[in-house]
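Subject: Structure handover

Hello,

Please find the structure we discussed below. My notes on it come after.

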Amino acid sequence: MADFKIGRIRYTWKGQWAASTSYIKDDITYYGGKAYVCMVTHTASSTFLPDLSAATPKWRLMLDGYVWRSNRTITTL
């Protein structure tokens with residue numbers, strides 16, 4: 001039986017996505033209020049969307065963000 005070692009699962013927080021930055025598998029970045037995990041080692045293109053929509057996606061959505069709907073008032077929950 002194979003051993004499962006939780007310590008081998010590692011993510012590296014890289015902060016906000018930036019063009020021309022080198023990313024490796026399991027790096028995490030955020031873009032547009034959402035967090036993404038890098039699926040393949042690559043250097044980021046000039047915009048995020050080509051990397052996200054490539055034939056072999058370079059990013060996978062890890063955590064959905066939030067949407068600001070309006071200013072909060074006393075009657076808003």
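What follows is a summary of the fold, the aromatic rings, the salt bridges and a few individual residues.

This is a predicted model, in which local features need pLDDT of at least 70 and side-chain atom pairs count only at pLDDT 80 or more, while totals for chains, interfaces and linings use all residues. Residues are numbered from 1 along each chain as its sequence is written, and side-chain values use heavy atoms, with hydrogens and water left out.

Overall fold

The protein has six strands and one helix, in the order β-β-β-β-β-α-β from the N terminus. Helices (H or I, at least four residues) and strands (E, at least two) are DSSP runs, numbered from the N terminus. Of the 77 residues in the protein, 19% are buried. Buried means under 20% relative accessible area, exposed over 50%, and partly exposed in between (1.4 Å probe, protein chains only). The accessible surface comes to about 6300 Å², and carbon and sulfur atoms hold 57% of it; areas come from the Shrake-Rupley method with a 1.4 Å probe, and for residues only the protein chains shown count as cover. Among contacts (heavy atoms within 4.5 Å) with a separation of 6 or more, 31% are between residues 24 or more positions apart.

Aromatic rings

A pair of aromatic rings is described by the distance of the centres and the angle of the planes. Rings of Phe, Tyr and Trp (its six-membered ring) pair if their centres lie within 6.5 Å; planes under 30 degrees apart count as stacked, over 60 as edge-to-face and the rest as tilted. The count by this rule is seven aromatic pairs. One of them is tryptophan 13 with tyrosine 30, stacked at 5.8 Å centre to centre with 10° between the planes. This pair links distant parts of the chain, with tryptophan 13 in strand 1 (residues 12–16) and tyrosine 30 in strand 3 (residues 27–31), 17 residues apart. Tryptophan 13 is exposed at 55% relative accessible area, and tyrosine 30 is partly exposed at 34%.

Tyrosine 31 and phenylalanine 48 are also stacked, at 4.4 Å centre to centre and 25° between the planes. Tyrosine 31 is partly exposed at 35%, whereas phenylalanine 48 is buried at 1%. Both residues belong to one aromatic cluster formed by Trp17, Tyr23, Tyr31, Tyr36, Phe48 and Trp59.

- Lysine 25 and aspartate 26 meet at 3.9 Å, N to O; lysine 25 is partly exposed at 48%, and aspartate 26 is partly exposed at 26%.
- Lysine 34 and aspartate 64 have their closest N and O atoms 3.4 Å apart. Lysine 34 lies in strand 4 and aspartate 64 in the segment after strand 6 (59–63), so the bridge ties together parts that are 30 residues apart in sequence. Lysine 34 is partly exposed at 30%, and aspartate 64 is exposed at 51%.
- Lysine 58 and aspartate 51 have their closest N and O atoms 3.7 Å apart; lysine 58 is partly exposed at 24%.

Aspartate 51 lies in helix 1 and is buried, with a relative accessible area of 2%. A polar atom of its side chain lies 3.3 Å from the backbone nitrogen of serine 45. Leaving aside residues up to four places away in sequence, aspartate 51 touches Trp17, His42, Ala44, Ser45, Pro57, Lys58 and Trp59.

Loops and surface

Valine 40 sits in the loop between strand 4 (34–38) and strand 5 (42–43) and is partly exposed at 30%. Its C-alpha is 7.7 Å from that of tryptophan 59, 19 residues away in sequence. Beyond residues up to four places away in sequence, valine 40 touches Tyr23, Lys25 and Lys58.

Ile9, Tyr11, Met62 and Leu63 make a nonpolar surface patch of about 420 Å². Patches are made of residues with over 30% relative accessible area and no salt bridge, like charges being joined within 9 Å and nonpolar side chains (Val, Leu, Ile, Met, Phe, Trp, Tyr) within 5 Å. Tyrosine 11, in the segment before strand 1, is partly exposed at 46%.

Regards

Conventions: A polar contact is a pair of N or O atoms within 3.5 Å; within protein, one must be able to donate a hydrogen and the other to accept it, and residues adjacent in sequence count only if both atoms are side-chain atoms. A salt bridge is a side-chain nitrogen of Lys or Arg within 4 Å of a carboxyl oxygen of Asp or Glu.
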